[in-house]
Amino acid sequence: MVQQVSQTVIYPDSDGQPMAENTQQFQWIVVIKENLEILFANRPDVFVAGDLLWYPVEGDNKTRQAPDAMVAIGRPKGHRGSYRQWEEDNIAPQVVFEILSTGNRLAEMNRKFKFYERYGLEEYYIYDPERLDLAGWLHRDGELAMIEEMSGWVSPRLQISFEFPSTGLELYYPDGRRFLTSVELHQQAEAAQRQAEAAQRQAEAAQRQAQESEQRARRAEEELAAEKVRSQRLAEQLKRLGIDPDSQV
């Protein structure tokens with residue numbers, strides 16, 4: 001009798017590839033991933049990740065991809081070493097972003113495209129920051145169909161909008177705010193803090209002015225009351241001397 005020995009399949013957390021090949025590619029990955037985190041900060045059922053290996057098939061540790069940024073709606077937030085779909089209620093990430101670099105090869109991008117198409121990705125976006133080239137695909141009838149016009153496009157799942165002026169890609173939140181870098185977010189926060197501090201100083205100055213006006217008014221009332229008392233006393237003294245203070249003579 002031959003005894004079968006079950007082997008545990010290991011799903012590595014890294015594919016040994018760098019997250020980015022240059023600073024521009026890295027910055028775009030971070031900007032998209034972090035702004036998506038901000039967008040869904042109050043949604044506990046939305047998981048956002050960057051450069052995380054996605055394993056769609058249990059028992060197969062060779063079939064995998066590590067999107068530059070991905071969104072899985074319907075999955076809880078939290079740290080993961082990889083996205084093992086069978087452990088995620090079999091929910092595939094719905095949206096993926098890839099940022100190209102000079103090191104990306106056509107064959108590699110074709111493999112990625114086929115992977116995403118096969119395993120149910122709903123929206124796929126590719127941006128080349130060097131060539132200022134943007135492309136997107138939407139899942140229709142079992143395949144990823146190219147979106148004809150990306151400028152002005154609104155993601156059905158994320159509700160973010162894509163604008164593509166001559167300077168390159170711009171992404172906007174549903175409320176119209178633009179996706180910002182961490183430096184821009186910090187500068188914006190500092191500007192808001194300075195405005196808040198200036199408003200606080202103005203409010204304090206207005207309060208001091210109001211208090212000073214109130215004090216002046218109170219002093220004026222006190223002086224007027226004191227003057228009335230002095231006038232009454234003088235009138236009484238004159239009356240005691242037999243002088244009518246109200247006489248016109």
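1. In this predicted model, helix H2 is the greatest contributor to the lining of the largest pocket, supplying three residues. H2 spans residues 106–118, and strand S5 (95–99) likewise provides at least two residues of that lining.

2. The lining of the largest pocket comprises 22 residues, and those nearest the pocket centre are Asp 15, Gln 17, Pro 18, Glu 108 and Lys 112. By class, the lining residues are eight nonpolar, eight charged and six polar. The space within the largest pocket amounts to about 440 Å³.

3. Six strands form an open sheet with mixed pairing, in the order S1-S3-S5-S6-S7-S8. Strands S1 (46–49) and S8 (143–146) are at the edges and have a single partner strand each, so one side of each lacks a neighbour in the sheet. On average, neighbouring strands of this sheet are turned by 15° against each other, with direction ignored.

4. Within the sheet, strand S3 (residues 69–73) and S5 run antiparallel and are joined by three bridges. Ala 69 is placed opposite Phe 97 of S5.

5. How is each helix set against the strands? Helix H1 (residues 23–39) lies across S1, S3, S5 and strand S6 (123–128), and runs at about 160° to S5. Helix H2 lies across S5, S6, strand S7 (133–140) and S8, and its direction is at about 160° to S6.

Definitions and conventions: Residues are numbered from 1 along each chain as its sequence is written. This is a predicted model: local features need pLDDT of at least 70, side-chain atom pairs count only at pLDDT 80 or more; totals for chains, interfaces and linings use all residues. Side-chain values use heavy atoms; hydrogens and water are left out. On a 1 Å grid over the protein atoms alone, a cavity is a set of points where a 1.4 Å probe fits but cannot get out, and a pocket is an open set with protein on both sides within 12 Å along at least five of seven lines; lining residues have an atom within 4 Å of a point. Grid points are joined across faces, edges and corners, and a volume is the space filled by probe spheres set on the points. Helices (H or I, at least four residues) and strands (E, at least two) are DSSP runs, numbered from the N terminus. Ala, Val, Leu, Ile, Met, Phe, Trp, Tyr, Cys and Pro count as nonpolar, Asp, Glu, Lys and Arg as charged, and the others, Gly among them, as polar. Two strands pair if DSSP finds at least two bridges between them. Axes are lines fitted to C-alpha atoms, for helices over the stretch in contact, and angles run from 0 to 180 degrees between N-to-C directions. Contact means heavy atoms within 4.5 Å.
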